[in-house]
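Take a moment with the sequence and the three-dimensional view before reading on. The paragraphs that follow lead from one part of the chain to the next.

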Amino acid sequence: MSPNRSIPSLREMGLLGFSGAWALFVFIRYGEKIHNPLPLILSAFQTPRPGAPTAALSIWLGSLAAFLASFLIDLALWRLGRRLGSWLGIKPSNILLKIPIEFGLGATAVVELWLALGFMNLWYRLLLAVLLLGLALWALWDTAKDWGKKPPNRMPKIPMPQGFCHRVLACFGVFYLLLSFAHGCAPETWTDSLVYHLGFLADWLARHGMADMPTHSLITFPFAGELYFLNGVILQGTEAAKMLNAWAFLALVLFCGGWAMEWKGPQAAWLAMGLTASFPALLLNAWTTQVENLLAFFTLLWIYVVLRLWTAGKGERLGPWALLAGIFGGMILSIKYTGVIVLAAAFLGFLWQGFVTRQWTGLKPSGVFLGAAAALGILGPWFLRNFCWTGNPVYPYLDSWMGSRHLSDFHREQLIWFSRSFPYDLGPWWKTPWNLTMPPVSIFNFLGPLYLAALPCLFWARSGNPALRFFLRILICAFPVGFYVTQIPRFHIPLFVALGLSLACLGEEIPLGGKGLALAASLSAALCLPFLCGMSSHYFSCGGIWFGFESRQGYLDRMIPAENYQWASWIKDHTARDAGVLLTSDPRGYYMDRPFYSYMIFEPPPLYEWAHRWGDAAGIARRLKEMGVDYLVAPATGPLGDESWLSPGEKPTGKERAILQRFFKSDLKPAFTTKDQVVYQVLG
């Protein structure tokens with residue numbers, strides 16, 4: 001709507017009517033799937049049978065210790081980034097932008113420190129803890145010094161939300177943020193975390209540095225996000241690591257608010273923060289140590305810096321911002337390769353914007369070189385590591401073109417299928433928004449109804465803000481490219497966060513748009529609450545920890561099936577600290593606290609591979625000794641476990657099965673047995 005008119009035009013009234021009718025239709029269809037939300041909401045707070053009342057204080061103190069550890073870590077990262085930002089001369093326009101940018105800088109610096117120490121095999125827990133505690137103590141001193149210079153009454157003030165709907169949305173956002181920290185009170189049980197995100201960290205800590213795991217291709221992925229979680233593992237454990245993810249969630253919320261404030265003012269900031277904090281996919285990710293929230297955070301940081309470069313005025317110093325763009329761009333790909341989707345879309349958006357408006361960035365070639373050098377400095381070590389391990393800097397991708405290690409065609413196709421469409425087929429492209437949104441939802445696919453309901457807002461995308469127009473062009477390029485590459489919604493969290501930010505800014509240009517979006521977002525948060533509570537109960541069941549009825553050990557015994565946690569505990573308690581373990585079925589190796597080897601479902605089981613290669617049991621035993629394996633964990637039903645991921649040409653022959661049976665009888669001795677798993681000691 002034109003700023004000179006207060007009465008909507010006929011066209012605008014028609015669009016408003018259509019937008020309201022569409023949103024109502026979407027919410028009604030979504031709400032039909034929720035029959036009685038109360039049981040689902042109450043299920044999140046159910047507890048096991050109450051334990052001894054005297055244990056509650058100990059349990060709550062443990063949760064407090066995890067929270068304080070995560071707080072100290074992120075305070076240290078922020079204060080370090082603050083010094084780095086001040087040295088570079090980075091001056092964002094408001095405090096909501098300033099703190100997250102500084103936090104991102106500090107987190108990057110510490111990740112690079114752990115990476116360097118990992119390459120030098122200096123990952124000794126005591127050394128890492130001393131360095132981290134030293135940084136935390138310095139941060140407390142630095143904060144106290146600044147607090148004395150600038151008392152609270154001189155700190156920047158953020159206007160409070162105006163209007164009932166904005167306040168309701170803010171309350172939902174605060175509740176969901178608190179819920180994320182509450183889930184951090186419980187030890188990690190999420191399978192992907194125990195296998196990859198924290199599992200590989202545990203293996204590297206046991207080996208005192210980054211070491212290859214030839215049996216598992218995913219260890220060659222970049223792990224910058226996991227190195228951020230390493231701070232929590234060092235100082236406390238998995239609970240602090242999970243809370244670090246919740247802090248990153250909060251930083252992302254603040255950053256979206258600061259960006260919207262810079263473009264459209266404080267009410268747009270509150271709307272952007274509410275949309276981000278109530279986005280279900282972000283919330284679920286914050287309950288574990290998955291890396292998509294960090295990816296979204298650094299992606300938004302990078303886009304902001306790139307737009308800052310593009311809109312810079314004459315005479316403005318662009319070198320520091322170019323360096324910052326390179327740092328954050330390198331972090332994106334160092335966290336997850338799927339970040340290339342946004343990077344490619346931004347490049348297309350630049351071309352689109354440049355050819356349409358003839359407006360190009362004023363960045364000089366020296367600035368481009370500076371940013372590229374910074375990105376290579378962040379990402380290059382991961383490529384170098386992979387080249388040393390496999391001969392291919394981007395393994396397992398392009399493995400048929402280069403490198404000495406490769407996947408079979410069958411397993412490469414399985415990996416591509418798994419990463420593109422598992423566990424959902426979203427149907428034809430024109431049905432994707434609907435199929436992504438509507439229940440049944442799950443922890444793998446939960447976006448909430450808001451974005452589908454707010455789609456008509458894009459008809460108003462004629463913003464007078466050129467940076468916002470450019471931002472929207474990036475999104476228009478990114479979504480089709482992204483869903484062509486992979487249909488897994490979790491991988492597109494950065495795009496949906498960016499879409500929410502753009503909607504919050506567009507809402508200020510639509511008649512009643514801000515209020516309407518705040519109302520829709522509040523309704524969406526309310527409709528998502530039962531599903532979120534149900535997932536909390538089903539996948540995490542933290543009520544016993546929250547109310548002090550269940551110890552952490554009891555929680556792990558209950559939440560991780562006996563076929564994993566019992567044998568993992570036995571190995572931790574009954575084997576030497578340097579005892580190597582081969583996991584031939586269940587790959588969740590975190591709680592063993594021992595160096596281990598596992599394999600992914602896209603590769604042949606190592607035992608089968610060795611039986612095929614050497615043709616005798618002695619060859620398998622010899623290979624295990626070469627790898628330093630002292631114990632082997634196998635399913636009680638047989639040595640190979642699930643064979644469904646083997647290609648027809650990889651199925652073990654009768655001869656190979658006989659070799660494996662001889663190997664299990666002659667070279668292994670059962671040391672511990674559960675219902676489903678057997679821990680064998682390797683003889684000789």
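Helices here are DSSP runs of H or I with at least four residues, strands are runs of E with at least two, and both are numbered from the N terminus. The model is a predicted one, in which local features need pLDDT of at least 70 and side-chain atom pairs count only at pLDDT 80 or more, while totals for chains, interfaces and linings use all residues. Residues are numbered from 1 along each chain as its sequence is written, and side-chain values use heavy atoms, with hydrogens and water left out.

Seen as a whole, the chain has 28 helices and five strands. Of its 684 residues, 57% count as buried, where buried means under 20% relative accessible area, exposed means over 50%, and partly exposed lies in between, with a 1.4 Å probe and protein chains only. The accessible surface comes to about 28,500 Å², and 66% of this belongs to carbon and sulfur atoms; such areas come from the Shrake-Rupley method with a 1.4 Å probe, and for residues only the protein chains shown count as cover. Among the contacts in the chain with a separation of 6 or more, 77% are accounted for by residues 24 or more positions apart, a contact being heavy atoms within 4.5 Å.

Returning to α3, its 34 residues should span 50 Å at 1.5 Å a residue, and this agrees with its end C-alpha atoms, which are 50 Å apart. The expected span of a helix is 1.5 Å times one less than its number of residues. The 25 residues of helix α5 (residues 125-149) should span 36 Å on that basis, which agrees with the 36 Å between its end C-alpha atoms. Within α5, the residues L128, A129, L132, L135, A136, A139, D142 and D146 are buried. In an α-helix there are 3.6 residues a turn, so residues three or four places apart point the same way. What covers the buried residues of α5 includes α3 (55-88), α4 (95-119), α8 (199-207) and α9 (224-235).

How do α5 and α9 pack, and at what angle? Their axes are 9 Å apart and the angle is about 105°, the axes being lines fitted to C-alpha atoms, for helices over the stretch in contact, with angles that run from 0 to 180 degrees between N-to-C directions. The two helices α5 and α9 are therefore roughly perpendicular to each other; angles of 65 to 115 degrees count as roughly perpendicular, those under 35 as roughly parallel, those over 145 as roughly antiparallel and the rest as oblique. On the α5 side the contact is made by R125, L128, A129, L132 and L133, and on the α9 side by N231, V233, I234 and L235. Helix α9 also meets α4, where the axes come within 9 Å and cross at roughly 85°, and α4 and α9 are therefore roughly perpendicular to each other. Here F103, A107, V110, V111, W114 and L115 of α4 meet A224, L227, Y228, L230, N231 and I234 of α9.

The strands form an open sheet of five with mixed pairing, in the order β2-β1-β3-β5-β4, and two strands pair if DSSP finds at least two bridges between them. The edge strands are β2 (596-597) and β4 (668-673), each of which pairs on one side only. Strand β1 (residues 580-583) pairs in the parallel sense with β2 over two bridges, and L582 has Y597 in β2 as its bridge partner. β1 also pairs in the parallel sense with β3, over four bridges, with V629 in β3 as the bridge partner of G580. Six of the seven residues of strand β3 (residues 629-635) are buried, so this strand is largely enclosed by the rest of the structure. Five bridges join β3 to strand β5 (residues 677-682), the two running antiparallel, and Y631 has Q681 in β5 as its bridge partner.

Q681 counts as partly exposed because its relative accessibility is 29%. Q681 and K669 are twelve residues apart in sequence, yet 5.1 Å apart in space, C-alpha to C-alpha. In the loop between β2 and α26 (606-614) is Y599, which is buried, with a relative accessible area of 11%.
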